[in-house]
Every structure is written in C-alpha cells, then in structure tokens.
Amino acid sequence: MDKAAFIKQYATTRQHTDSLKWDALQTRYGDADLLPMWVADMEFKVPEAVTQALQERVAHGVYGYSITPDSYYQALINWQKTRHCVDLQRDWIRFGSGVVNSLYALVNILTQPGDGVLILTPVYYPFFNAVRDNHRQLVTSELRNDQGHYTIDFDDVERKIKANEVRLFIQCSPHNPVGRIWTEAEQTRLLALCERYHVLVISDEIHQDLEIDRAAHPFQSALSVADGRFNDRLIVVNAPSKTFNIASLLNSHIIIPNSELRQRYDDQIGRFSQTEISVLGQVAGKAAYQSGAEWLDQVLAIIRDNYHYLQTTFAAQAPKLVLSELQGTYLTWLDLRAYVQPENAKAFIQDRCHIAVDFGEWFSPADKGFVRINLATDPKNVQEAAKRIVACLA
Ligand SMILES: Cc1ncc(COP(=O)(O)O)c(C=O)c1O
C-alpha cells in the first residue's frame, strides 16, 4: 500500500473518544484548544488483523477469567526472534498490565528502601517516580549532549554507582526522550559496570520495534548483548502497546532469564498485583505479532518522513533549533534554547504556538528549554506544528 493510501485508511481523528492526548487538554494544560503532540500513542488505527481478532472475540461476548494460550507465547517468541534475533524462552516470560506498573513492582522486589537506583537523564519521567515513590535513593547520571547526539558518560556512571551504593540500574532502550538506540558496545560497557559493582538491571524495551533506520541503527535487546552474558542480572520489560497503539488494552511482559530472580519475582509479585492477564490485550497482541509487521513498516516510514519534514523545515527556516538524532522511538527531542529562554519555553510552545508537548523539565530539571514532540501521527499535524513553531519564532 502506498503512503497516501495507508494514511487514508489508518489515520484518524480522536476527539471525543476519551483520548488522554486529545480530550484531556483542558485538565492537563488548562487550554482545550491546543494541537496535541504529547502522550506517546498514535493517531493510527491498529492493523486490520488486530481489529478483526478483537471483533471475533467481542462477538463471542464473554470476558471471564482467561489463560494465556500457547499461540500467544509462540507469537511473541517468533516476533522477538525474527524482528530482533532474540532467543526468548517461554519460562522466562511473565505478564503485566503495563510497563510502568512493572517498574514500580520491580523496584520493590529488587531493592530495599534507601538503596540507590540509577537512571540516565533526561529520561521518561515515571522512572523518577518509581524510585522516589518507593523511597529509594534516586541516582542520576546526565547523558552527554553533543548538538542533539546523546552518549553515556561512563566515568560519571561508575562514580555514581560507587558513591551511592547503587543496587539497580533502570535502562531505557531505545531511550525516551533523546531517541538513541544504544549500541552493543555501549550496552556491553554499561552492563559490565553493573556486573563489576553487583548492580541489577531493568531494561525497559517498550520502544524496541520503533527503529527509524534499521539498517543504520538496529535495536539490540539487552538480552542478546555479548551473547546473553549479562542475563543473570537482567530483567527486560516490553509490550506490544507502543508498537501497535494498544496501550489501553493493558498487556505487557516481564522477562526474567535468571531462575533465582524469577523465583523472587513470583514469590513477591502477588503483594503488589493480583491481575494476571488482559484477554483483549492478548488477543490484540497476538494478532499484531502474527500479522502486524507490514503495518508497522508503513507506520515507521511515515514517522521517518515526519522527522525528515521537521529536520528540513527547521534547517531552512529556524536553523539554530537542534532536533536530536532520531534513531528509535517516535518521540523527537527539540532544543529551543538558541531562540527561546528556557524559562519561556512553556509560554512559547503552549501560549504562542498553541501546541501541547511534553516539556523538557519533566524529563530532567536540567532540561528546561527542550520539548518532546510525538511524530506518530498524520503528517498534517506535524506540518501544522512545524508551521506554528517557525511562524512564532519569526
Ligand atoms: C520508556 C517507557 N516505558 C513505559 C511507558 C509506558 O508503558 P505502559 O503504558 O505499559 O505503562 C512509556 C510510555 O511512553 C515509555 O516511554
């Protein structure tokens, strides 16, 4: 299907569907009349096969307690193998009702109050909350920013681990909001530091399928770094929800290769959550893994075009804006500071451009003056956002 036909079939409006992104602007931003480019979900309908699978299930009309069928495991295992060369074993897999829920539970299960938990900032803000809300010590290491290309400051990471008795590192891979896909070399170095200092690792890989240029920057799961050398200290969390736009169906995975850690998880998870599976989430997830690859490739092509559109528009009309290199995720990170004082960024984007974004300071106190813009949308929304930003800068 060509791009225009895909957009015609799948792009949709979401007002008046109880959408957080579109229908909560008044409560979240105090202004219902903004162009919503925030929350990480899409304006694209799910693959046709997912709609069909859900319709069949709905037609049956019963939603009693359910089990995970073998075919779900198989679909997930095949997806990980064919898309990412990861050999997932069935007994490593547990289910959750969302990745953030699992982060909260895992912080509790893997650490004690007061333990140091390391995150690399700027990062998806629930990482901060999962640590602080559980009364663990938040330890941050700032990523290095070289004109929008972000890298890890390994010396700082090591210093912080040693100084704070860090027990757990939460990795974001690909990294929301800076758009990096961490290479095997970077992950090997980071995980080796964790190994040296006996630090456990959670790798949040919810954006794993959102590879913007797979040939240049392929996603590598922490599970396959150095042929699985670090798997004994690793828990991966992922889901079909970002990839296939099914976040509200509440189905996610917790992958625990180490049998002792798995036992610890199984023994303790019931203290936080008795919910096991979402039947509609698994019906949708299975259909998506089985039949959604082509749809995903089309969506990725649109995201790539949207990103290039922003890049070329800004390069021509506001060349001092710095748009981070987008390797993974559909969330682009824009540095406004050459034109707008950091403390005025919110007023600029919201009150002058009338766009709802995620603000830099949500991801790190040091990042006022940055905004995160969601590109998984109809190109006309991206064009409108770019037009407003350029016009207001002029
Ligand atoms: C890195 C990361 N983890 C988790 C989530 C949310 O996951 P869930 O909706 O499954 O809680 C997001 C959503 O944007 C995210 O970016």
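1. Helices (H or I, at least four residues) and strands (E, at least two) are taken here as DSSP runs, numbered from the N terminus, and the expected span of a helix is 1.5 Å times one less than its number of residues. For helix α6, whose 12 residues are 99-110, this gives 16 Å, and the end C-alpha atoms are 16 Å apart, which agrees. The structure is a predicted model, in which local features need pLDDT of at least 70 and side-chain atom pairs count only at pLDDT 80 or more, while totals for chains, interfaces and linings use all residues. Residues are numbered from 1 along each chain as its sequence is written, and side-chain values use heavy atoms, with hydrogens and water left out.

2. Helix α6 also has a buried side, where buried means under 20% relative accessible area, exposed means over 50%, and partly exposed lies in between (1.4 Å probe, protein chains only). Its buried residues are Val99, Ser102, Leu103, Ala105, Leu106, Val107, Ile109 and Leu110.

3. Which residues surround the ligand? With a residue counted as near a molecule or strand if one of its heavy atoms lies within 4 Å of it, the ligand is surrounded by Ala40, Gly98, Val99, Val100, Tyr124, Cys172, Asn176, Asp204, Ile206, His207 and Lys242.

4. Some of these surroundings involve polar contacts, a polar contact being a pair of N or O atoms within 3.5 Å; within protein, one must be able to donate a hydrogen and the other to accept it, and residues adjacent in sequence count only if both atoms are side-chain atoms. A polar backbone atom of Val100 is 3.0 Å from an oxygen atom of the ligand, and a polar side-chain atom of Asn176 lies 2.8 Å from an oxygen atom of the ligand. In the side chain of Asp204, an N or O atom is 2.6 Å from a nitrogen atom of the ligand. The protein buries 87% of the 400 Å² that the ligand exposes when taken alone, with accessible areas from the Shrake-Rupley method and a 1.4 Å probe, where for residues only the protein chains shown count as cover.

5. Aromatic rings deserve a separate look: rings of Phe, Tyr and Trp (its six-membered ring) pair if their centres lie within 6.5 Å, and planes under 30 degrees apart count as stacked, over 60 as edge-to-face and the rest as tilted. By this rule there are 17 aromatic pairs. One of them joins Tyr124 and Phe127 edge-to-face, at 6.1 Å centre to centre and 80° between the planes; Tyr124 is partly exposed at 24% relative accessible area, whereas Phe127 is buried at 0%.

6. The rings of Trp333 and Phe363 have centres 5.3 Å apart and planes at 75°, so this pair is edge-to-face. Because Trp333 lies in strand β12 (residues 331-335) and Phe363 in helix α15 (residues 360-363), the pair ties together parts that are 30 residues apart in sequence. Trp333 is buried, with a relative accessible area of 1%, and Phe363 is buried at 0%. Ring pairs link Tyr29, Trp38, Tyr124, Tyr125, Phe127, Trp333, Phe359, Trp362, Phe363 and Phe370 into a cluster.

7. Apart from neighbours within four places in sequence, Arg180 is in contact with His149, Tyr150, Thr151, Pro174, His175, Glu186 and Gln327.

8. Finally, some backbone details call for care when the model is inspected. Most residues other than glycine have a negative phi, and most peptide bonds are trans. The peptide bond from Thr121 to Pro122 is cis, with omega near 5°, and Pro122 lies in the loop between β3 (116-121) and α7. Asn176 and Pro177 are also joined by a cis peptide bond, with omega about 15°, and Pro177 is in the loop between β7 and α9. Gln147 has a positive phi near 50° and counts as exposed at 64% relative accessibility, while Ala226 has a positive phi of about 50° and is partly exposed at 26%.

How values were computed
Contact means heavy atoms within 4.5 Å.
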